[in-house]
Amino acid sequence: MTQIRNVQNYIDDANEYLRVSALEFDAGDDRQGAEKLYGAACAAVEAVSLLNDWPCGRHRLMKRNVRRLRDLHGEAIFTEGFLAAEKFHAHFFHNIMEDYEIAEDRLVVDEFVERMLELAGQAG
């Protein structure tokens with residue numbers, strides 16, 4: 001049986017991934033924390049995309065939608081936040097980020113996810 005995901009499912013996922021990410025980072029597992037943070041960003045993009053009836057589900061489409069949001073709202077956080085989230089995804093696989101990058105970019109991704117959830121009308 002196929003489960004149809006709705007906006008609230010993605011909002012719930014984004015909030016849960018944020019929560020678990022913080023726990024992973026606090027425990028010293030920056031690679032797992034990074035992947036959960038990336039997951040939070042993707043879930044937030046899915047929520048807003050679904051709400052706006054924009055195609056999503058693929059990375060390329062998520063990037064297109066965050067650029068669309070940047071253009072619609074005039075806020076750089078959309079593209080900056082998603083780019084930072086992509087760095088965390090790469091860090092999970094390749095362990096490429098320095099501690100200072102993790103600290104700085106976590107704030108950017110957190111702000112991005114919070115803004116996305118505001119657009120979805122359901123911030124955490």
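**Close-up views of a predicted helical model**

View 1. Valine 7 is buried, since its relative accessible area of 17% falls under the 20% limit. The model shown here and in the other views is predicted. Valine 7 belongs to helix α1, which covers residues 7–26. Leaving aside residues up to four places away in sequence, the contacts of valine 7 are Ala47, Leu50 and Leu51.

**View 2. Serine 21 in helix α1.** Helix α1 also holds serine 21. Is serine 21 buried or exposed? With a relative accessible area of 2%, serine 21 is buried. Beyond residues up to four places away in sequence, serine 21 touches Gly33, Lys36 and Leu37.

View 3. Helix α2 takes in residues 30–51, a run of 22 residues. From the first C-alpha of α2 to its last the distance is 31 Å, close to the 32 Å expected at 1.5 Å a residue. How many of the 22 residues of α2 are buried? The count is 16, so helix α2 is largely enclosed by the rest of the structure. Just after α2, aspartate 53 has a positive phi of about 60°.

**View 4. The protein chain as a whole.** The protein chain contains five helices and zero strands, in the sequence order α-α-α-α-α. Its radius of gyration is 14 Å, close to the 14 Å that the globule rule gives for 124 residues, so the chain is as compact as a globular protein of that length. The C-alpha trace spans about 40 × 35 × 25 Å along its principal axes. Of the 124 residues, 42% count as buried. Among contacts with a separation of 6 or more, 59% are between residues 24 or more positions apart.

**View 5. Surface and charged side chains.** The accessible surface of the protein chain is about 6900 Å². Carbon and sulfur atoms contribute 49% of this surface. How many positive and negative side chains does the protein chain have? There are 14 positive and 23 negative side chains. The centres of these two sets are 9 Å apart.

Terms used: Residues are numbered from 1 along each chain as its sequence is written. This is a predicted model: local features need pLDDT of at least 70, side-chain atom pairs count only at pLDDT 80 or more; totals for chains, interfaces and linings use all residues. Side-chain values use heavy atoms; hydrogens and water are left out. Helices (H or I, at least four residues) and strands (E, at least two) are DSSP runs, numbered from the N terminus. Buried means under 20% relative accessible area, exposed over 50%, partly exposed in between (1.4 Å probe, protein chains only). Contact means heavy atoms within 4.5 Å. The expected span of a helix is 1.5 Å times one less than its number of residues. The radius of gyration is taken over C-alpha atoms; the globule rule is 2.2 Å times the number of residues to the power 0.38. Accessible areas come from the Shrake-Rupley method with a 1.4 Å probe; for residues, only the protein chains shown count as cover. Lys and Arg count as positive and Asp and Glu as negative; His and the chain ends are not counted. The place of a charge is taken as NZ of Lys, CZ of Arg, CG of Asp or CD of Glu.
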